[in-house]
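Hi,

Here is the structure I promised you. Please open it and follow along with the notes below.

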Amino acid sequence: MLDNLNWWEIGALLLLALLIFGDRLPAVITDGLRLVRNLRNMARNATGDLSRELGTDIQLEDLHPKAFIRKHLLSEEDEAAIRKPLQGVYDNLRADVGSVHDDLKDVANSADLRSGGSRSSTATSSPSAPAPRVSYDDAT
């Protein structure tokens, strides 16, 4: 939780807490810890009650609807049967988008939009052109 804070920042936060709460700081800390313990116990009791009612072993991470359906209601064969028709559509769509992306790159390279579309027909002995900038499309 405090992975991105260094020791100076943690010390400054503790000093600020001491200035704000003063002599009540130990009582505020114990109240906060008690609140966290109560919340954990409530979550543990809720998952235990749900496990007992459904007759399966449920963890707190399983309460997300998508994970719950995958783990407790669908077998692997059912999930594969649901994914199979959609996977073909996804693969075809991905191939089509990839070919359109390649065609657009070819058109952009042939049009050479960076130079305004006009090229000189005579060869001049000018220094080499600067390297083209990398765009978002080139990175994807």
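Helix α1 (residues 7–21) gives the most to the nonpolar patch, with four residues. Helices here are DSSP runs of H or I with at least four residues, numbered from the N terminus. The patch covers about 420 Å² and is made by L13, L16, I20, F21 and V28. Patch residues have over 30% relative accessible area and no salt bridge, and nonpolar side chains are joined within 5 Å. A salt bridge means a side-chain nitrogen of Lys or Arg within 4 Å of a carboxyl oxygen of Asp or Glu.

This is a predicted model: local features need pLDDT of at least 70, side-chain atom pairs count only at pLDDT 80 or more, and totals for chains, interfaces and linings use all residues. Residues are numbered from 1 along each chain as its sequence is written, and side-chain values use heavy atoms, without hydrogens and water.

I20 sits in α1. I20 counts as exposed because its relative accessibility is 53%. T47, in helix α2 (residues 25–54), counts as buried because its value is 10%. The cut-offs are under 20% for buried and over 50% for exposed, with partly exposed in between (1.4 Å probe, protein chains only). The T47 side chain also reaches the backbone oxygen of R44, at 2.9 Å.

Now look at α4. A kink of about 35° lies at K84, shortly before the proline P85. The bend is the angle between axes fitted to the seven residues ending there and the seven starting there. After α4 comes D112, with a positive phi near 50°.

Best wishes

Conventions:
Patch = residues over 30% accessible without salt bridge, like charges linked within 9 Å, V, L, I, M, F, W, Y side chains within 5 Å. Areas by Shrake-Rupley, 256 points an atom, 1.4 Å probe, with all protein chains shown as cover. Helix = DSSP H or I, 4+ residues; strand = E, 2+ residues; numbered from the N terminus. Polar contact = N/O pair within 3.5 Å; in protein donor to acceptor, adjacent residues only side chain to side chain.
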